[in-house]
Amino acid sequence: MIRLSRKRLGAFLEQTRELASTTDLLIFDAAAGADAKVMTFARAADEVVLVITPDPASIVDAFATAKVLFRSEPDAKVRVVVNMAESQEQALKVYRALESAVRQFIKKTVYYSGGILFDSRVSSCNRNKTPFVLGERSLHVSQDVRRVAGLIGSTQVARQAQTVGMQRAA
Amino acid sequence: MRDIHAELEQWDYDAPTTWEPSSGDILIGVVKGCSSRGSENAVETLTVQEEETGLLVAVLLDAPDLANLIRLQRPHAGERIGIKCVSSRAKDPSRFILMVDRDQIGEQPLPIPTGEDAPEAAELHDDDVEGATYEERSFIEQALHEDDPPNPEFASQEDDGALREIIRRQDEQIAQQARSITELESIITSAIPLLCNSAGPEASAKADEPPANNGMSKFALAITFVSSLSLALACYIAYLLLSAHV
């Protein structure tokens, strides 16, 4: 979708606005990185969630994305979700590493929206083409996802961007 | 027919002029603001101060494609923009072109699309500018490997509690030592009268007279004293051992 021309992307966004009356939240899963098209799409979103992993390369990539985003949207409010963490403590540590770098070099703030623990059973659910959140509700990872979703869906946020763009209905 | 008289009577010199472009018209200026919809039927308006004339121009965002372009690029107040009307036909889906003059290094201006699937502008590849610098990467890696810095406030509270516990234990030890010393003193004190009484009543009656067995009495007294001293020493050693164990 990011490869759409600007005209098509504009038409697509126009169509998404038609869903505003029947939808509370639209979530777009965009590509990672500070790609210009991703940034264009992110700027159109009301909120952005950076989904990162404990891998340093992922954190650096997210930092670069935040740097480009804040340059064009100084008022952007960015959430951070740490995926595939070994523990909630590690997830929090990863977030703090990113947040401290954003605060140090960009003079902005990113908000923590939760951590999702790694679970090998997710892969088996994927092979079975079953959403683990629905098929394995008792898993800790399922509970983590629900908690993150609840946190993102319930908090009032100003317009911000991300690798996952969200539009809130007016 | 327009009521020109009324319009002239109510003429507001400060009111922006509505931009009614024809095909080929270009508007370049600085964004002054964007009015939101007051009602469902109202149209959003982008106010632009035209660069060439300095006049305020109201750009109606009633055209869907122009509204989408504005929504995509989100020009802020103070930013310089350019709008070109490509087609004056209202039904044409792509009537306008919008460019925002932003200071974004690496973001190239969009080419004029020749078709629906015309490619977008070149992507950003200048990692030195858009990516993380070496210093930023090092900072992140260092932050990942460092333990969380102790909260100074919490650390002082923890140390304070530990110190209090140490002081409490020392107070208990001192009290125990004082009790032990008191017991030793009582033992020694009670032992001395026994030593004196062990010599018998004759000793007290013949206190002025040198005893016949002066050497033996002295020896017995010495033995007793040594025994008492040994007892006291043994108690003291036991006390030291107990203190060291605690």
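1. Helix and strand directions first. Axes are lines fitted to C-alpha atoms, and angles run from 0 to 180 degrees between N-to-C directions. In this predicted model, helix H2 of chain B lies across strands E3 (45-50), E4, E5 (80-85) and E6 of chain B. H2(B) runs at about 20 degrees to E6(B).

2. How enclosed is H2(B)? Helix H2 of chain B spans residues 64-73, and nine of its 10 residues are buried, so the helix is largely enclosed by the rest of the structure. Among the buried residues are B:Leu66, B:Ala67, B:Leu69, B:Ile70 and B:Leu72. The list also includes B:Asp65, B:Asn68, B:Arg71 and B:Gln73. After the helix comes B:Arg74. Its phi is positive, near 45 degrees.

3. Now the sheet. Chain B has an open sheet of six strands, with mixed pairing. Read across, the order is E1-E4-E3-E2-E5-E6. Which strands sit at the edges? They are E1 (17-18) and E6 (96-101) of chain B, and each pairs on one side only.

4. E1(B) is joined to strand E4 (residues 56-60) of chain B by two bridges. These two strands run parallel. B:Thr18 has B:Ala58 as its bridge partner in E4(B).

5. Next, the largest nonpolar core. This core has 32 residues. Which of them have the most contacts inside it? They are A:Ile52, A:Phe63, A:Phe70, A:Val82, A:Leu98 and A:Val102. Several elements of chain A each supply at least two core residues: helix H2 (36-44), strand E2 (47-52), helix H3 (56-72), strand E3 (78-85) and helix H4 (88-106). As background, nonpolar side chains tend to be buried together in soluble globular proteins.

6. Leaving out residues up to four places away in sequence, A:Val102 touches A:Phe63, A:Ala66 and A:Phe70, among others. Its contacts also include A:Lys107, A:Lys108, A:Thr109 and A:Val110.

7. Last, a serine. A:Ser113 lies in strand E4 (residues 110-117) of chain A. Is A:Ser113 buried or exposed? Its relative accessibility is 1%. Buried means under 20%, so A:Ser113 counts as buried. Its side chain makes a polar contact with the side chain of A:Arg79, at 3.2 Å. Beyond its neighbours within four places in sequence, A:Ser113 is in contact with A:Arg79, A:Val80, A:Val81, A:Val148, A:Leu151 and A:Ile152.

How values were computed:
Residues numbered from 1 in each chain as written. Chains lettered and ligands numbered in written order. Predicted model: local features only at pLDDT ≥ 70, side-chain atom pairs only at ≥ 80, totals over all residues. Heavy atoms only, no water. Core = buried A, V, L, I, M, F, W, Y, C linked by side-chain atoms within 4.5 Å. Buried < 20%, exposed > 50% of the residue type's maximum accessible area, 1.4 Å probe, protein only. Helix = DSSP H or I, 4+ residues; strand = E, 2+ residues; numbered from the N terminus. Contact = heavy atoms within 4.5 Å. Polar contact = N/O pair within 3.5 Å; in protein donor to acceptor, adjacent residues only side chain to side chain. Pairing = 2+ DSSP bridges.
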